Amino acid sequence: MIETERRDKLLRAMLDELALAGYEEASVERAQAAAGVSEAEFGVEFADKDACLFAAYDHLTDQVVARASLHCGHDKPWPERIRDGLEALLEELASEPRLAWALTRSFPGIRPAAYQRYVELLGRFIPFMREGREYSEVDEELPGEVELLAVGAAEAIIFGEVDAGRAERLPQMLPEILFSVLVPFMGPDRAADEMRSAAASI
Amino acid sequence: MAACCAESGYGETTVDAVLERAGVTPESFDSHFAGKEDCALGALNKIVSDTLAQIAMANPLVGDVADRRKFEIKAILELMASQPAFAWLGYIESRQGGTPRMHDAYESGARVLALMMERAGDGVGERSGVARAALGGAEAVVRRELAAGREERLPQLLGDFVYAALVPFVGQREALRQAKLAEMVSVEEGNRGNDRD
């Protein structure tokens, strides 16, 4: 059994390998060396490279969701909580561009089973969106998929920046991303007000 | 190629597996394609040209921009539902799993669709990147359905997609009205299909 600190280092090193070398060339041996984990210890914990990569991805996504949700408490109106959660998420991705690449680009592209994990990651943000329905300017029920439409809008912008090697720019894009998340729930005028407010606070 | 990628991903797809699935000889493959990537790009070109053809055929000669967008979105959803492996290759594999050239092909297609969506507002309320983000929202729903093997459900979500495409430009009230109209068109067409059966 590898203790938590070295296990975390190993998982992190595997994602670094994936981001830097790609799936085929990602080396378990280099990750083990970086984390100070022996082959025997690795064998006890993981069946193979894939098992370690999937565990690393699950660990990373747990962290990303936890940090974003930490800032989505219940002491503020929903649009502000979404802004705070997004801000935390963007700062985390900007501070770790390699992990952002592994999160959005290298891991989901391994094969369909890995892509399924990415779909599940996006789905984990849906519960944070539901309250947005209460902010609609119309009485009618909003479309059933409006939460995923909002999450996917943010993902498209984030993915575009990470893909272009500009992850460090993400915090500056908070107003634009916030608008795209809020607009299906609040309409363009009120979403634009929130966007201007976020721009003023940067 | 598309079916193999949908099953195993581009990285783990081999030319041999494609040949076996298609019942094609290596000589025949070599006479058409320079290699695996070239074949995947050929499949991508096919889904792009099929999509554009479907849009052109679906486009009504009357109505405003929003009307035309409804028919175009409907045509795309129906195409994806009927060709899920090509949809996987076009929307998922080329974006996150394929080669840089496949990725470029995906980006070109996405830019064309985003430009179409921007025109839905007739110039009202246009903001840089808004259409791309709205398209991203719709794509997230498409990808979830494809990953779950529920592609047949996509045409039933027409109203959701119409709403996503229009709301940044025309506001919630008008986007919802157009979404409901789109759903009515779908239901009417479904009923006509049932009557024919």
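Two helices, H9 (146-163) of chain A and H7 (100-119) of chain B, each put at least two residues into the lining of the second largest pocket. Helices here are DSSP runs of H or I, at least four residues long, numbered from the N terminus. H9(A) has the largest share of that lining, six residues. The model is predicted, so local features need pLDDT of at least 70 and side-chain atom pairs count only at pLDDT 80 or more, while totals for chains, interfaces and linings use all residues. Residues are numbered from 1 along each chain as its sequence is written, chains are lettered from A in the order in which they are written, and side-chain values use heavy atoms, with hydrogens and water left out.

This second largest pocket holds about 360 Å³ of space. A pocket is an open set of points on a 1 Å grid over the protein atoms alone, with protein on both sides within 12 Å along at least five of seven lines; a cavity is a set where a 1.4 Å probe fits but cannot get out, and lining residues have an atom within 4 Å of a point. Volumes are the space filled by probe spheres set on the points, which are joined across faces, edges and corners. Of its 17 lining residues, A:Ala156, A:Gly160, A:Glu161, B:Glu107 and B:Arg132 sit nearest the centre. By class, six are nonpolar, three polar and eight charged; Ala, Val, Leu, Ile, Met, Phe, Trp, Tyr, Cys and Pro count as nonpolar, Asp, Glu, Lys and Arg as charged, and the others, Gly among them, as polar.

The largest pocket comes in at about 420 Å³. It has 21 lining residues, with A:Gly22, A:Tyr23, A:Ser106, B:Gly97 and B:Gly98 closest to its centre. H1(A) gives the most to this lining, eight residues.

The largest cavity has a volume of about 340 Å³, and its lining splits into 19 nonpolar residues, two polar and one charged. Six of its lining residues come from H5(B), the largest share.

Helix H5 (residues 65-82) of chain B also carries B:Lys70. This lysine counts as buried because its relative accessibility is 6%, the cut-off being under 20% with a 1.4 Å probe and protein chains only. Its side chain makes a polar contact with that of B:Gln178 at 2.4 Å; such a contact is a pair of N or O atoms within 3.5 Å, one able to donate a hydrogen and the other to accept it, and residues adjacent in sequence count only if both atoms are side-chain atoms.

Terms used
Buried < 20%, exposed > 50% of the residue type's maximum accessible area, 1.4 Å probe, protein only.
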